[in-house]
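This report examines selected contacts and pairings in one structure. The sequence and the coordinates follow.

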Amino acid sequence: MPCTVIVGGFWGDEGKGKIISYLALKEPVDVCIRTGSVNAAHTIWYNGKRYALHMVPGGFVQGKCRLLVGPGANVHVAQFLKEVAETGVKNRIGVDNQASIIEEKHSIQDKSSVHLKGLGTTGWGVGPAIEERVRRTAKLAKDIAELKPYLTDVSEEANGAIAKGKNVLLEGTQGIMLSLFYGTYPYVTGRDTSASAICSEAGVGPTKIDNVLVVFKAFMTRVGTGPLPGEIPKEEAQKRGWFETAAGTGRDRRSAPFDFELARKSSTINGATQIAVTKLDCLYPTCRSAKKYEELPEEAKQFIGNVEKQAGIPVVLIGTGPEALDIIDRRK
Ligand code: IMP
Ligand code: MG
């Protein structure tokens, strides 16, 4: 590690949750910081159980990991409390005093806006909640009685841990193509989702980052409306084994083949130093559950080689199945 940013390379749902849980089980990670908001669901398979986490950091699978929600994040109180109970992390999770709050009214505003509906938002209300923060009328975590036991200064904790050489993971949400700044505007989410924004939301400065790990799925998906280069019909996606439904909203995900030029651009904007490619077994079924690079068929190796060539950085982790440990780890 020691301080690593995990960022989505396409439109979210690249499998960041799986990569985070793998790292947290392997390293071990001392501190894991969630950014973003409740619209993003990170799917984690752990001990045969499936978790779709909207608020609790994916590092929870590591029993000693301190879990934090950053000051730039946007907290849904009921969802947070529900997940804390579900994952049993009450004694090791903290929320920054200054994280802003997303309320039921924001969801109502989101769902009743013709404009937002046209963008295919998740309906959680993240856009309206961020608008309120920008207007400086939003509630903060420190204003909420139920959050009192969890309040902390995340930047202090994170930088303190980094200074001691501990392993710190900054967990991004969605992907660069949904970024308010770099994505397919206006078909984007209400915030920047780049690696720089993840650092900013966690309260960790750029000089403290050792690795930026960009996560790509072996094919691309997006939910909601907006461009998806190379999109294939649903029937074709089903035939190829690429068809997915959203972990958060249950909506169909649209899909397209991997776009190497987009991957290059995404790696550049994020300043990525390493790549993780997930779901390689969906492109090459004989890869399923492989743990060694040598086990991969020639065409799969060629695909990985092309990703590295285009992006100019190494593919260090390769996902070959849904469980956290279904991974080829090429790091030394
Ligand atoms: P919003 O973030 O709910 O405002 O939705 C804006 C766009 O981002 C829509 O296209 C959503 O489908 C997409 N989006 C938001 N969160 C996620 C996510 O976690 N995964 C994938 N797409 C997302
Ligand atoms: Mg997701």
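## A salt bridge at D13

R253 forms a salt bridge (a side-chain nitrogen of Lys or Arg within 4 Å of a carboxyl oxygen of Asp or Glu) with D13, and their closest N and O atoms are 3.2 Å apart. The pair links distant parts of the chain, 240 residues apart: R253 belongs to strand β14, while D13 sits in the loop between β1 and α1. Helices (H or I, at least four residues) and strands (E, at least two) are DSSP runs numbered from the N terminus. R253 is buried, with a relative accessible area of 10%, whereas D13 is partly exposed at 25%. Here buried means under 20% relative accessible area, exposed over 50%, and partly exposed in between, with a 1.4 Å probe and protein chains only.

The model is predicted: local features need pLDDT of at least 70 and side-chain atom pairs pLDDT 80 or more, while totals for chains, interfaces and linings use all residues. Residues are numbered from 1 along each chain as its sequence is written, chains are lettered from A and ligands numbered from 1 in the order in which they are written, and side-chain values use heavy atoms, without hydrogens and water.

A41 counts as buried, at 12% relative accessibility.

The structure holds 22 salt bridges. One of them joins E157 to R66, with the closest N and O atoms 2.8 Å apart. E157 lies in helix α6 (residues 154–163) and R66 in strand β5, so this pair ties together parts 91 residues apart in sequence. Salt bridges that share partners join D13, K217, E244, R253 and K279 into one network.

## Strand pairing around β14

Strands pair if DSSP finds at least two bridges between them. Strand β12 (residues 219–222) runs antiparallel to β14 (residues 252–257), and 4 bridges join them; the bridge partner of R222 in β14 is R254. Strand β13 (residues 244–245) also pairs with β14 in the antiparallel sense, over 2 bridges, with T245 opposite D252.
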